[in-house]
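Thanks, everyone, for making time this morning.

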Amino acid sequence: MEINVHDSTVSSEKKVVLLNPKTGEKVVILPEIGATLVELELICENHLVQLIHLPGEKPIGENDLYPSALLAPWVNRVRNGNYSFEGRNHQLPINESNLGNAIHGFLASKKFEISEEKCNDDSAEVSFIHNYPGDFPGYPFPFIFTLTYKLSSKGLLTVNFNCKNTGSKNMPFACGWHPYFKIADTEIRNLEITFSPTLKYISDAQMIPMAEEVVSFPMPVRFSETTLDNVFKLESHTNHLTKLTDSETKISLFLKQNSVEFPFLVVFAPTSENCVAIEPMTGNTDAFNTGDGLKVISPNENFTSLVEIWVDKAKH
């Protein structure tokens, strides 16, 4: 296994590449733009399959579709950018001007530093760290966030999320991840998804949940028949599995999350794109106001959890 670091040039950003030279499997990360995952190729039946899609035309750091973005210290939307925590009111900048919300935290475009590298015959692993001093308007809670990518020689990608409260007070926190997945060049009409939701949230005009309904539709959900852009509450499992399948080739991408720690999932298929966003979330939209899934991290304490991704042929 190999780790290669390509420094910034006039035409390109700094890249970190985790590589299996025997199979060609690789993971490409941009540490200076939120430690964002921009390429993922894993092998299935001796063929490399491209799995990450970057929708939209804007550069990663300016893309309002947030491809592969780390969402923290809040996920999705905070209504009107305003919330109260432990007796104090806070106003976040409005960065979703059409709906009047603060959206997706502020780490997606922040610079991360490489804090640790581990490489042997079995895996290549890099940790990226951002030390936040507490200076973002409306969020005066310092923390250190560590994002770790590990590619195993068996074709498993593990992404570990760790946030430590470095302040002297409790901090409100939610965390999510916003990757858009594809299966090679498969069209959206050939993709279908299987997961285990219990509730679907119905949004108001500000795209914030106003109601919930019990999920009753059968699995898999075929994107040729159904449009999804919802937050779902998942069945509570240590290992919740989401499967995205190409119905033509039968290749499946699997995403495993701990749905006790990440109890929410957003599934979103953007218009005119052949991809599906599968987004593990610790909290619901507007958790800073509703408390639904909100984490409160005590001083010197950590939140940590992980997501695992692999590909395989669908089993019949």
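Let me begin with N46, which counts as exposed at 73% relative accessibility, where buried means under 20% relative accessible area, exposed means over 50%, and partly exposed lies in between, using a 1.4 Å probe and protein chains only. N46 has a positive phi of about 70 degrees although it is not a glycine, and N46 sits in the loop between β4 (36-44) and β5; helices here are DSSP runs of H or I with at least four residues, strands are runs of E with at least two, and both are numbered from the N terminus.

Before going further, a word on the source: this is a predicted model, in which local features need pLDDT of at least 70 and side-chain atom pairs count only at pLDDT 80 or more, while totals for chains, interfaces and linings use all residues. Residues are numbered from 1 along each chain as its sequence is written, and side-chain values use heavy atoms, with hydrogens and water left out.

H104 also has a positive phi, of about 65 degrees, and is not a glycine. H104 lies in the loop between β11 (102-103) and β12, but at 5% relative accessibility H104 counts as buried.

Staying with the backbone, a cis peptide bond with omega of about 5 degrees joins A72 and P73, and P73 belongs to the loop between β7 (69-71) and β8 (77-78). Another cis peptide bond joins M219 and P220, with omega of about 0 degrees, and P220 is placed in the loop between β21 and β22.

Now to the sheets. Five strands make an open sheet in the order β1-β2-β3-β4-β5, with antiparallel pairing, where two strands pair if DSSP finds at least two bridges between them. Its edge strands, each pairing on one side only, are β1 (2-6) and β5 (47-50), and from one strand to the next the twist averages 15 degrees, taken between axes that are lines fitted to C-alpha atoms (for helices over the stretch in contact), with angles running from 0 to 180 degrees between N-to-C directions. Within this sheet, β2 (residues 15-19) and β3 (residues 26-30) are antiparallel and share four bridges, and V16 stands opposite I29 in β3.

Another open sheet has nine strands, in the order β12-β13-β14-β15-β29-β25-β24-β19-β22, again with antiparallel pairing. Here the edge strands, which pair on one side only, are β12 (113-119) and β22 (221-222). Strand β25 (residues 251-257) runs antiparallel to β29 and is joined to it by seven bridges, with Q257 opposite V307 in β29.

Which residues does E308 contact across the fold? E308 is found in strand β29 (residues 302-313) and is buried, with a relative accessible area of 15%. Leaving aside neighbours within four places in sequence, E308 is in contact, meaning heavy atoms within 4.5 Å, with L156, L157, T158, F254, L255 and K256.

T282, in the loop between β27 (276-281) and α1 (287-290), is buried as well, with a relative accessible area of 1%. The side chain of T282 reaches the backbone nitrogen of C175 at 2.8 Å, and, not counting residues up to four places away in sequence, T282 touches residues including A174, C175, F262 and F303.

Beyond four places in sequence, F161 touches residues among them L70, F145, C175, W177, F262 and F303.

Finally, the cysteines: how many disulfides does a search of the whole structure find? The search finds zero, with a disulfide taken as a pair of cysteine sulfur atoms within 2.5 Å. For C275, the nearest cysteine sulfur is that of C44, 20 Å away, and C275 counts as buried at 0% relative accessibility, whereas C119 counts as partly exposed at 40%.

Note on methods:
Polar contact = N/O pair within 3.5 Å; in protein donor to acceptor, adjacent residues only side chain to side chain.
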